[in-house]
Amino acid sequence: MSGTVVVGVDGSPTARKAAETARDLATALGATLHVVSAFDSDRSDVFGTGSNKWLVSDADRAEQVARTVADTLGGSINITYAAASGRPADALIREANQKEARLIVVGNRRMRGIGRVLGSVANSVAHNAPCDVYIANTYDAD
């Protein structure tokens with residue numbers, strides 16, 4: 001088998017646990033793991049003064065989150081990463097379409113209590129994904 005497994009991360013412990021689950025699934029499937037971090041706007045901040053200024057955008061921050069997770073997952077599979085614009089569910093679905101993914105892995109964060117009523121990334125992805133969705137139990141990661 002092969003293909004791509006897509007997972008969304010935001011730097012939280014629960015997203016980290018979902019990424020570890022995604023790595024394990026990708027390994028079992030012989031698939032590539034694609035780690036995605038979403039950003040809603042492309043706001044930029046300037047740091048420094050004079051000629052020592054640098055620009056850091058939301059896209060840069062999201063890419064750094066995805067790269068950090070991808071670099072620390074280890075394993076014997078190919079792992080790629082990307083920052084994707086838009087709401088997290090929309091960004092994951094778009095990346096899954098572009099990568100022709102066979103699976104999206106999301107955590108079950110905010111699927112209890114009021115979050116379950118108002119919606120969650122996992123709920124939105126499960127209802128709109130172009131492929132199978134695996135919802136990882138991440139509650140003990142908080």
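Helices (H or I, at least four residues) and strands (E, at least two) are DSSP runs, numbered from the N terminus. This is a predicted model, with local features needing pLDDT of at least 70 and side-chain atom pairs counting only at 80 or more, while totals for chains, interfaces and linings use all residues. Residues are numbered from 1 along each chain as its sequence is written, and side-chain values use heavy atoms, leaving out hydrogens and water. The protein's mean pLDDT is 85, with 78% of its residues at 70 or more.

Now look at helix α3 (residues 88–99) and helix α5 (residues 121–128): their axes come within 8 Å and cross at roughly 35 degrees. Those axes are lines fitted to C-alpha atoms over the stretch in contact, with angles from 0 to 180 degrees between N-to-C directions. P88, A89, L92 and I93 of α3 meet V121, S124, V125 and N128 of α5, where contact means heavy atoms within 4.5 Å. By class, that makes 6 nonpolar, 2 polar and no charged residues; Ala, Val, Leu, Ile, Met, Phe, Trp, Tyr, Cys and Pro count as nonpolar, Asp, Glu, Lys and Arg as charged, and the others, Gly among them, as polar.

Key
pLDDT = per-residue confidence, 0-100.
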